[in-house]
Amino acid sequence: MRVDSSNVKLRAFETEDVKALHGWLNDADSIALVGRTPVTYEQTVQHVEKKQKNKDLVLGIENEDHQLVGWIFLQNIEFEHGRASIGILLAPESRGRGYGSIAMRKMIDIGFQQLRLHKIYLTTRGINQQAIRLYQKLGFIIEGQLRDHAYSDGRYYDTYFMGILASEWSDYSGNGTSVTSMQA
Ligand SMILES: CC(C)(COP(=O)(O)OP(=O)(O)OC[C@H]1O[C@@H](n2cnc3c(N)ncnc32)[C@H](O)[C@@H]1OP(=O)(O)O)[C@@H](O)C(=O)NCCC(=O)NCCS
């Protein structure tokens, strides 16, 4: 069943959420799609701490029952260039139900409306069709294709560099506010 956007919340990613993140990172599909090797709990803690140190914006995704279903972040935030990259990982059992689309929309809104970024970008593996479809649906454009850039499970995969500009984002919280009317 698809979820309703109004029931999904982004909130601060807390220390007690690291345990869940450790499980998601070690899921076999996550390793294949995102390209990581299995990680220990300690490495997961360090991963989160590094993000906090870098001043990445790291948020938890909460479902209609106030349960954590994933995390999403803006990283490499460079205000002098008006850009940041975005990343997302959902709990395996919460994928394919619309949480990814909703959380991405909310985070892109934050990036463009509150942080006043000019561009949001990401990289994703060619094998990750679900992610690529999601990003294209949101308006991200493939700006570059890096050949045989990632190795997973016995073969090399291309990596896609994708981006969206604030001027191309017209889906502010799905509340009908267009870029044109915001600027008027
Ligand atoms: C990628 C991810 C964030 C997508 O979130 P999601 O909640 O599963 O995706 P949604 O249900 O919102 O679906 C988004 C779009 O993906 C596409 N999609 C969904 N399931 C799909 C599948 N099995 N195969 C191909 N495309 C699929 C559809 O186009 C869908 O849009 P639609 O519902 O309008 O048809 C999530 O699956 C995830 O965390 N995957 C593992 C980690 C990962 O890959 N992170 C991104 C790294 S770049």
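**Close-up 1. Phe13, Trp71 and Phe73 are joined into a cluster by ring pairs.** The model is a predicted one: local features need pLDDT of at least 70, side-chain atom pairs count only at pLDDT 80 or more, and totals for chains, interfaces and linings use all residues. Residue numbers start from 1 along each chain as its sequence is written, and side-chain values use heavy atoms, with hydrogens and water left out. Rings of Phe, Tyr and Trp (its six-membered ring) pair if their centres lie within 6.5 Å; planes under 30 degrees apart are called stacked, over 60 edge-to-face, and the rest tilted. That rule gives five aromatic pairs. One of them is Trp71 with Phe73, an edge-to-face pair at 5.1 Å centre to centre and 70° between the planes. Trp71 is buried at 2% relative accessibility, and Phe73 is buried too, at 7% (buried is under 20% relative accessible area, exposed over 50%, partly exposed in between; 1.4 Å probe, protein chains only).

**Close-up 2. Lys51 sits over the face of Phe73.** Lys51 is 3.9 Å from the ring centre. To count, NZ of Lys or CZ of Arg has to be within 6 Å of the ring centre and within 35 degrees of the ring normal.

**Close-up 3. Thr44 is a buried residue in helix H3.** The helix covers residues 41-53; helices (H or I, at least four residues) and strands (E, at least two) are DSSP runs, numbered from the N terminus. Leaving out residues up to four places away in sequence, Thr44 touches Val18, Leu21, His22, Leu25 and Val39 (contact is heavy atoms within 4.5 Å).

**Close-up 4. Arg97 and Glu64 form a salt bridge.** Here a salt bridge is a side-chain nitrogen of Lys or Arg within 4 Å of a carboxyl oxygen of Asp or Glu, and the count comes to eight. In this one the closest N and O atoms are 3.9 Å apart. Arg97 is in the loop between strand E4 (83-90) and helix H4 (99-114), and Glu64 is in the loop between strand E2 (57-62) and strand E3 (68-78), so the pair ties together parts 33 residues apart in sequence. Arg97 is partly exposed at 25%, as is Glu64 at 30%.

**Close-up 5. Lys119 and Glu143 meet in a salt bridge.** Their N to O distance is 2.9 Å. Lys119 belongs to strand E5 (residues 119-125) and Glu143 to strand E6 (residues 141-152), so this pair ties together parts 24 residues apart in sequence.
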